[in-house]
Amino acid sequence: MEKTYGIGLAADTDHSTILVPEQCEPITREALWNAVVETELPKKAPIALMLTILLPFELSINNNTDLANRYLSRSFLMRQLVVDVVIKSVTVGQGRQPILHALIPALHYRESGLTAALFDFTQLGYMGRCRRRWVRYANCELKRAGYRKMKPPHPLLTPKLEMID
């Protein structure tokens, strides 16, 4: 049975994009995941990191999209990684909860395209720094929008990380 990668786009999708490092050419979702699957990886190497973050429901979809793009750029694009981004909203009670789904292939993306040089998401402290960065970014955006800063960080704003192999 063949594995399928990428994030499914449904009718409830508010925003969808592929973020690439500045000096690289844009890439389609299909081309990205085809290239990832075709790259020869070590046997037990994870193919991608899946990141799920509940975005602040207090913010508009445009503010949340900007917030997510800034965070993903600082955390992953600066490391020459490409990010498959989808923001969806789900109904919670009488409101809507925006959720960021990001798949980050473990391959570096250079001007020449995806390379077989794997990025080690488990390197000492990297994901912990990414979690703390997300809380700082979300708190700054909420404060800018006139909401009180969350102390301690709201647990729902902490990214859920999962390695995909």
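Where in the structure is the place of Ser 75?

Guide: Ser 75 is in helix 2. Helices here are DSSP runs of H or I with at least four residues, strands are runs of E with at least two, and both are numbered from the N terminus. Before we go on, please note that this is a predicted model, where local features need pLDDT of at least 70 and side-chain atom pairs count only at pLDDT 80 or more, while totals for chains, interfaces and linings use all residues. Residues are numbered from 1 along each chain as its sequence is written, and side-chain values use heavy atoms, with hydrogens and water left out.

Let's begin with Ser 75 itself. Its relative accessible area is 0%, so Ser 75 counts as buried. Buried means under 20% relative accessible area, exposed means over 50%, and partly exposed lies in between, using a 1.4 Å probe and protein chains only. Leaving out residues up to four places away in sequence, Ser 75 touches Tyr 126, Cys 130 and Arg 133; a contact means heavy atoms within 4.5 Å. With Arg 133 there is also a side-chain polar contact of 2.8 Å. A polar contact is a pair of N or O atoms within 3.5 Å; within protein, one must be able to donate a hydrogen and the other to accept it, and residues adjacent in sequence count only if both atoms are side-chain atoms.

Now let's follow those partners into helix 3. This helix runs over residues 126-144, has 19 residues and spans 27 Å from first C-alpha to last, close to the 27 Å expected at 1.5 Å a residue. The expected span is 1.5 Å times one less than the number of residues. Tyr 126, Cys 130 and Arg 133 are among the buried residues of helix 3, and so are Trp 134 and Leu 142, for example. After helix 3 comes Gly 146, with a positive phi near 95 degrees.

Another cysteine, Cys 140, is partly exposed, because its relative accessible area is 45%. Cys 24, at 7%, is buried. The number of disulfides comes to zero, where a disulfide is a pair of cysteine sulfur atoms within 2.5 Å.

Next, let's go back to helix 2. The loop between helix 2 (61-75) and strand 3 (83-92) holds Gln 80. Although Gln 80 is not a glycine, its phi is positive, about 65 degrees. Gln 80 is buried as well, at a relative accessible area of 18%.

One more stop is Pro 98, found in strand 4 (residues 95-105). This proline is buried, with a relative accessible area of 7%. Not counting residues up to four places away in sequence, its contacts include Phe 57, Asn 64 and Ile 87. Pro 98 and Leu 59 are 39 residues apart in sequence, yet 9.2 Å apart in space, C-alpha to C-alpha.

In helix 1, Arg 29, Leu 32, Trp 33 and Val 36 are buried. Seen down the helix axis, these residues fall within an arc of 85 degrees, so they line one face of helix 1; the arc is that of the directions from the axis to the C-beta atoms. Glu 30 and Glu 38 are exposed on the other side. The buried residues of helix 1 pack against several strands, including strand 3 and strand 4.
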